[in-house]
Amino acid sequence: MIKEYIDFPLQELNSFHVEERAAKIIEFDSASDLDIIFSAPNRPEKWYVLGGGNNILFTKRYDGTLIHPVGCGINIISEDNDSITIEAEAAVEWDDLVENCVERALWGAENLSLIPGSVGASPVQNIGAYGAEAKDIISRVHYFDTEECQHHTLTNEECRFGYRDSIFKQELKGRAIITSVEFRLSKHPAPNLGYGDLAAETETRGGATLINIREAVCDIRRRKLPDTSKIGNAGSFFKNPVVDKKVADQLKELHEDMPVYPTADESKCKLAAGWLIDRAGLKGYRNEKVGVHERQALVLVNLGGATGEDVIALAQSVQQSVYDKFGIKIEPEVNIL
Ligand code: EPU
């Protein structure tokens, strides 16, 4: 079913809770609705997909059409001795999917517990946490191509996943609307506890069961990250910067305790933007309505009544401070509209 609303308030539809409006918002609940919406004579010219609104910052009124999926089905589509493939529609809450997998004793999604957002957004920026990424379990992505007015399916390889990156942020940006995602989960235990204190947190709960790992991840996240229902934020505001290994080595000589992570490309390393912001002295910094979260410097927060422009001004001053101190440019992870 298709529903349209004009001059729609967005405060409840973005996790920063900024008070902007959209000229129009169209809700759809099945993939075939998109054929109708985009073949109509008044098809949207300027549009943007608004999923859960967890990774977006509105800086002004959106003068186009927000396309908002609401279909929430989760179905098993195939099964063999080793795995089950589940298809979830775009509007399924990411954590509901993870919970569903854990309840069915399926392995692969547990480290991604409690990431805010919807299934449809998960392939776009290849969401990740605690040593796992959505790409590790995504088998296929179904999308509607708004230019061809046709439905397509991409395999995992065709999605060209990278760190917080995919074809949906590149060639298909502004063109594809993801309608559902297929996930292949394993029936065999495969704990992935290498990241930070996850192994120790799981052990204190009695060992590496699916439920213990999920609870450990949820607890760590609740301790470190602000609850978006209480304080406006969009998780990590910045991506962790990927730099030449030479640059990382030089910085490491000056700052022995700086975290450096290897990447698939041996000539590059990933640095921790949270650490850089923290060591630039900005963790817990507050400027009237906006601030840098006191437990995780990667997260910018709306302390109440901030506009998108207030958040952008803070983000720019954080970027400048990190650049002045370390010579490193950090880029937003959040989509800015
Ligand atoms: N650190 C600090 N100070 C801080 C924050 C971090 O010193 O204020 C240090 C930590 O001690 C650690 C390193 O920086 O040595 C990395 O920090 P952390 O393990 O908290 O992870 P992250 O790199 O800051 C990434 C993801 C998060 C995800 C965590 C856990 C990005 C941009 N962010 O953060 O994702 O939850 O790993 O795996 O890759 C999100 O995308 O919204 C998000 C929260």
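How do the residues of the shell around the ligand divide into nonpolar, polar and charged? Twelve are nonpolar, six are polar and seven are charged. The model discussed here is predicted.

## The ligand shell

The ligand is surrounded by 25 residues. The closest are Tyr130, Tyr163, Arg164, Tyr195 and Gln296.

A polar side-chain atom of Tyr163 lies 2.7 Å from a ligand oxygen. For Ser236, a backbone N or O atom is 2.8 Å from an oxygen atom of the ligand. For Ala297, a polar backbone atom sits 2.8 Å from a ligand oxygen. Taken alone, the ligand exposes 820 Å². The protein buries 82% of that area.

## Where the shell comes from

Which elements give two or more residues to the shell? They are β8 (128-129), α4 (210-224) and α6 (273-279). Helix α6 provides the largest share, with three residues.

Tyr163 also has a charged neighbour. Lys270 lies over the face of the Tyr163 ring, at 3.7 Å from the ring centre.

## Aromatic pairs

The count of aromatic pairs comes to nine. One of them joins Tyr5 and Phe8, with ring centres 5.3 Å apart. Their planes meet at 50 degrees, so the pair is tilted; planes under 30 degrees apart would count as stacked, and over 60 as edge-to-face. Tyr5 is partly exposed, at 30% relative accessible area. Phe8 is partly exposed too, at 22%. Both values fall between the limits of 20% for buried and 50% for exposed.

Trp275 and Phe326 form another tilted pair. Their centres are 5.7 Å apart, with 50 degrees between the planes. Trp275 belongs to helix α6 and Phe326 to helix α7 (residues 308-326), so this pair ties together parts that are 51 residues apart in sequence. Are these two residues buried or exposed? Trp275 is buried, with a relative accessible area of 11%. Phe326 is buried as well, at 7%.

## An aromatic cluster

Which residues form one aromatic cluster? They are Phe16, Phe237 and Phe238.

Definitions and conventions
Residues are numbered from 1 along each chain as its sequence is written. This is a predicted model: local features need pLDDT of at least 70, side-chain atom pairs count only at pLDDT 80 or more; totals for chains, interfaces and linings use all residues. Side-chain values use heavy atoms; hydrogens and water are left out. A residue is near a molecule or strand if one of its heavy atoms lies within 4 Å of it. A polar contact is a pair of N or O atoms within 3.5 Å; within protein, one must be able to donate a hydrogen and the other to accept it, and residues adjacent in sequence count only if both atoms are side-chain atoms. Accessible areas come from the Shrake-Rupley method with a 1.4 Å probe; for residues, only the protein chains shown count as cover. Helices (H or I, at least four residues) and strands (E, at least two) are DSSP runs, numbered from the N terminus. Ala, Val, Leu, Ile, Met, Phe, Trp, Tyr, Cys and Pro count as nonpolar, Asp, Glu, Lys and Arg as charged, and the others, Gly among them, as polar. Rings of Phe, Tyr and Trp (its six-membered ring) pair if their centres lie within 6.5 Å; planes under 30 degrees apart count as stacked, over 60 as edge-to-face and the rest as tilted. Buried means under 20% relative accessible area, exposed over 50%, partly exposed in between (1.4 Å probe, protein chains only). A charge sits over a ring if NZ of Lys or CZ of Arg is within 6 Å of the ring centre and within 35 degrees of the ring normal.
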